[in-house]
Amino acid sequence: KHGPLFFRKGLNSMNFFEKELRDLFGSSTTLRDAHYCGRTCLAKLDEDLRVKLQFTTTGYADHYDAIKLAVINRTDGVVDQQLFRFSDIIDQQHSPGMMSVTPQIWDDNGKPEWYRPISQEQRSQIANTILDYVGMYQGETPENDFSMKL
């Protein structure tokens, strides 16, 4: 009855990156009407502003070590872009007897996974850092409008 689009919206059809984005940002009240597709999340901030969050590489193909953020005005285009490297937020990953590595998702022949799994606390650190930045673009409300009234 609903065809293939019904199943695309179901949780079972999400790929690894979509699941990670939902885990990072799915409970956010800042991002409204979020859509997840592949390595990208697109959501509304207010009537005119959208935010695009995308897993990206910064040096090695198939090593996703950052999230690229773009704040987009729906009629005027990109307002701001920022790159959030995981290593700037959660530092290097350490394991006993092994060298430290940059936090990253690596795509090993079509099977993406964290090179070394990160904790829920580290996920929260990543999400909170990015959402704090995004929050600067939210529309003013009467409670936080600091402009002078004449």
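Let's start at Trp 106, which counts as partly exposed because its relative accessibility is 22% (buried means under 20% relative accessible area, exposed over 50%, and partly exposed in between, with a 1.4 Å probe and protein chains only). Keep in mind that this is a predicted model, where local features need pLDDT of at least 70, side-chain atom pairs count only at pLDDT 80 or more, and totals for chains, interfaces and linings use all residues. Residues are numbered from 1 along each chain as its sequence is written, and side-chain values use heavy atoms, with hydrogens and water left out.

**Aromatic rings**

- Rings of Phe, Tyr and Trp (its six-membered ring) pair if their centres lie within 6.5 Å; planes under 30 degrees apart are stacked, over 60 edge-to-face, and the rest tilted.
- Counted that way, there are eight aromatic pairs.
- Phe 16 and Phe 17 make an edge-to-face pair, because their planes sit at 85° with the ring centres 5.8 Å apart.
- Phe 16 is partly exposed at a relative accessible area of 23%, while Phe 17 is buried at 6%.
- Trp 106 and Tyr 115 are also an edge-to-face pair, at 5.2 Å centre to centre and 80° between the planes.
- Tyr 115 has 40% relative accessibility, so it counts as partly exposed.
- One aromatic cluster brings together Phe 16, Phe 17, Phe 55, Tyr 64, Phe 86 and Trp 114.

**The nonpolar core**

- A nonpolar core here is a set of buried Ala, Val, Leu, Ile, Met, Phe, Trp, Tyr and Cys residues joined through side-chain atoms within 4.5 Å.
- The largest one has 29 residues, and those touching the most other members are Phe 25, Leu 31, Leu 53, Phe 55, Ile 67, Ile 126 and Ile 130.
- Elements that each supply at least two residues of this core include helix 2 (16–25), strand 3 (49–57) and strand 4 (63–73).
- Helix 4 gives the largest share, five residues.
- Beyond its neighbours within four places in sequence, Leu 31 is in contact with residues including Phe 25, Leu 53, Leu 131 and Val 134 (contact means heavy atoms within 4.5 Å).

**Strands and a hairpin**

- Helices (H or I, at least four residues) and strands (E, at least two) are DSSP runs, numbered from the N terminus, and two strands pair if DSSP finds at least two bridges between them.
- Strand 4 and strand 8 (residues 105–108) run antiparallel, joined by two bridges; Tyr 64 has Ile 105 of strand 8 as its bridge partner.
- Strand 8 also runs antiparallel to strand 9 (residues 111–114), with four bridges joining them, and Asp 108 stands opposite Lys 111 in strand 9.
- The hairpin of strand 8 and strand 9 has two residues between the strands, and Asn 109 takes a positive phi near 55° there.
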